[in-house]
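Dear colleague,

Please find below the structure that I am handing over to you.

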Amino acid sequence: MMKTVRMKTRQGGVLSPWLFARYIRDLLTEVVTLKVGCNIGGMFVNILAYADDIVLMAPSWRGLQRLLDVVLQQSKAIDMTLNARKSVCMVFSPRDRSKVVLSSFPQFSVGGEKLQFVSSFKYLGHMIMSSNTDDADIQREVTNMFVRTNILIRKFSKCSDDVKTVLFKAYCICLYDAALWKCYNIGSLHKMRSCYNRCIKMFFGFKRRDSLYEHTDDIRIT
């Protein structure tokens with residue numbers, strides 16, 4: 001006798017990714033055992049799964065299409081659907097131009113629906129570029145810092161410097177993905193530093209031409 005499970009977890013619950021990982025365990029196992037994937041640092045990798053954010057990797061067009069077909073087949077077996085509208089493809093060309101096979105590829109398909117090729121995509125909050133550069137992600141952090149600083153100014157501009165320091169650290173300096181920045185233009189870092197200095201001046205009420213080094217005793221944000 002089969003029983004229907006009617007209990008569920010809330011959106012964002014800590015138990016959700018744990019349960020989902022076990023729900024798709026057979027799907028992940030089936031993909032890994034195909035032995036179609038990329039060699040990254042001497043390790044064979046063809047799928048990355050963080051809850052329902054799944055990435056497939058293959059060194060060839062035919063290999064990736066095979067992975068997509070297997071994922072679709074296994075998804076149907078566990079009554080899960082793939083949203084082709086939210087799925088995209090990205091091509092990373094070799095740095096050595098002589099090793100480039102093609103400049104364009106046929107569209108991939110999932111259940112008869114075509115997948116779109118993109119040059120950039122946000123995955124787990126981080127901007128990934130087909131050019132293997134991090135300039136777009138740095139610009140995203142610059143924009144976020146300005147937006148968050150303006151929110152703090154509207155709501156907490158009359159607070160003490162101690163309170164402002166705690167708020168700025170907690171709300172504006174959350175560059176958790178900065179450790180991933182490896183390939184970027186030096187101008188992008190200059191923009192980040194300029195944004196950081198300007199946001200501090202705006203939030204703490206300094207003049208635009210004031211030097212932050214003269215106010216190190218007033219605020220300490222490290």
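This is a predicted model: local features need pLDDT of at least 70, side-chain atom pairs count only at pLDDT 80 or more; totals for chains, interfaces and linings use all residues.

Residues are numbered from 1 along each chain as its sequence is written, and side-chain values use heavy atoms, with hydrogens and water left out.

Helices here are DSSP runs (H or I, at least four residues), numbered from the N terminus. Axes are lines fitted to C-alpha atoms over the stretch in contact, with angles from 0 to 180 degrees between N-to-C directions.

The axes of H4 (residues 135-156) and H5 (residues 161-171) come within 11 Å and cross at roughly 150 degrees. H4 is therefore roughly antiparallel to H5 (over 145 degrees). In contact (heavy atoms within 4.5 Å) are Arg-148, Thr-149, Ile-151, Leu-152 and Phe-156 of H4 with Lys-164, Leu-167, Phe-168 and Tyr-171 of H5.

H4 and H6 pack at an angle of about 5 degrees, their axes 10 Å apart, which means that H4 is roughly parallel to H6 (under 35 degrees). Among the residues making this contact are Ile-138 and Val-142 of H4 and Leu-189 and Met-192 of H6.

Helix H6 (residues 186-204) has 19 residues. Its buried residues (under 20% relative accessible area, 1.4 Å probe, protein chains only) include Met-192, Cys-195, Cys-199 and Phe-203. H4 and H5 are among the elements that cover the buried residues of H6.

Yours sincerely

Note on methods:
Helices (H or I, at least four residues) and strands (E, at least two) are DSSP runs, numbered from the N terminus. Angles under 35 degrees count as roughly parallel, over 145 as roughly antiparallel, 65 to 115 as roughly perpendicular and the rest as oblique. The expected span of a helix is 1.5 Å times one less than its number of residues. Buried means under 20% relative accessible area, exposed over 50%, partly exposed in between (1.4 Å probe, protein chains only).
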